[in-house]
Amino acid sequence: MPIPILMYHQIDIPPIRGTPLRGLVVHPKDFNNQMRWLKWMGYQGLSMRDLEPYLAGKKQGRVFGITLDDGYKNNFDNALPVLMKYGFTATCYGVSSQIGGTNAWDAGLVAEKQLMGIQEWAGWLKSGMEIGAHTRTHADLTALSDDAAIEEISGCKTDFERELDCEVRHFCYPFGRFGSNHTDLVRKMGYLTATTTRRGRTQTNHNAMELPRVMVARATYLLQLFVKMETSYEDKRG
Ligand SMILES: [Zn+2]
């Protein structure tokens, strides 16, 4: 059974029309409606960690993954209460040099947004949610030497593990950019999966270091989400 892994970024009131990347900001009310509807459909939303036995084909069920990229504070403020209300877990991929910082990698492109600080990350974990790695600086790995890429990939894991006394097992490529050398490095650095921005639902035989996801954007409505999750619509290439 294919497993849809949903990809979110910000859960917040979308900025005014014309703002770059506005499409990646999902309104908290819409997020709540999506989770409520999925719960009603009999789905269980799971973090990458909780999804492990399903991805390995050891367990079967009506499950989907919930991932949030970058670690925005609005994930803590607006997504966490909803996730807890429906008994779902989620993975938030954080940037370890920006704990309590901002999305500095987008500087000049979009308005800076606050990222989770130590207190929020600790609360996120305490609520049963997971921290995944998204490199130290939100680096475009394809622009780096292998040594620099290793710094980014493995440094993020050790930073979060040290700062928050947790285990970081899952990775996500910043900007969705990676080469075949990076999939090898991510595996060697001890991660169990890596998610991409490629479209599609995950099959149990997928390369664990190149998992596709189902993007949920500001304008994704419930019927569309249903089609993305229940049919092969997203699995088509392109
Ligand atoms: Zn990102």
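The legends below describe close-up views of a predicted model.

Residues are numbered from 1 along each chain as its sequence is written, and side-chain values rest on heavy atoms, with hydrogens and water left out. Because the model is predicted, local features need pLDDT of at least 70 and side-chain atom pairs count only at pLDDT 80 or more, whereas totals for chains, interfaces and linings use all residues.

**View 1. Packing of helix 1 against helix 7.** Helix 1 (residues 28-40) and helix 7 (residues 222-230) pack with their axes 11 Å apart and at an angle of about 50°; helices (H or I, at least four residues) and strands (E, at least two) are DSSP runs numbered from the N terminus, and axes are lines fitted to C-alpha atoms, for helices over the stretch in contact, with angles running from 0 to 180 degrees between N-to-C directions. Helix 1 is therefore oblique to helix 7, given that angles under 35 degrees count as roughly parallel, over 145 as roughly antiparallel, 65 to 115 as roughly perpendicular and the rest as oblique. The crossing of helix 1 past helix 7 is right-handed, a term used if the near helix is turned clockwise from the far one by less than a right angle, left-handed being the anticlockwise case. Helix 1 contributes Asn33, Gln34, Trp37 and Leu38 to the contact, and helix 7 contributes Leu222, Leu225, Phe226 and Met229, where contact means heavy atoms within 4.5 Å. By class, the residues of this contact are six nonpolar, two polar and no charged; Ala, Val, Leu, Ile, Met, Phe, Trp, Tyr, Cys and Pro count as nonpolar, Asp, Glu, Lys and Arg as charged, and the others, Gly among them, as polar.

**View 2. Crossing of helix 4 and helix 5.** The axes of helix 4 and helix 5 come within 11 Å and cross at roughly 85°, which means that helix 4 is roughly perpendicular to helix 5. On the side of helix 4 the contact is made by Ile118, Trp121, Ala122 and Leu125, and on the side of helix 5 by Phe160, Glu163 and Leu164. The residues of the contact between helix 4 and helix 5 divide into six nonpolar, no polar and one charged.

View 3. Glu152 lies in helix 5 (residues 146-164) and, at 11% relative accessibility, counts as buried, a class for residues under 20% relative accessible area, with exposed over 50% and partly exposed in between (1.4 Å probe, protein chains only). Leaving aside neighbours within four places in sequence, Glu152 is in contact with Thr135, Arg136, Thr137, His138, Ala139, Leu141 and Leu144. Its side chain makes a polar contact with the side chain of Thr135 at 3.5 Å; a polar contact is a pair of N or O atoms within 3.5 Å, and within protein one must be able to donate a hydrogen and the other to accept it, while residues adjacent in sequence count only if both atoms are side-chain atoms. His138, one of the residues in contact with Glu152, is found in the loop between strand 7 (130-133) and helix 5, is buried with a relative accessible area of 7%, and has a phi near 60°, a positive value in a residue other than glycine.

**View 4. Ser96 in the loop between strand 6 and helix 4.** Ser96 lies in the loop that runs between strand 6 (91-94) and helix 4 (118-126), and it is buried, with a relative accessible area of 8%.

**View 5. Val214 in strand 10.** Val214 is found in strand 10 (residues 211-215) and is buried, its relative accessible area being 0%. Beyond residues up to four places away in sequence, Val214 touches Pro4, Ile5, Leu6, Met7, Gly200, Arg201, Lys228 and Glu234. Val214 and Thr67 are 147 residues apart in sequence, while their C-alpha atoms are 9.9 Å apart in space.

**View 6. Asn78 in helix 3.** Asn78 is found in helix 3 (residues 73-86) and is partly exposed, with a relative accessible area of 21%. Setting aside residues up to four places away in sequence, Asn78 touches Ile11, Asp12 and Pro28, and its side chain reaches the backbone oxygen of Ile11 at 2.8 Å.
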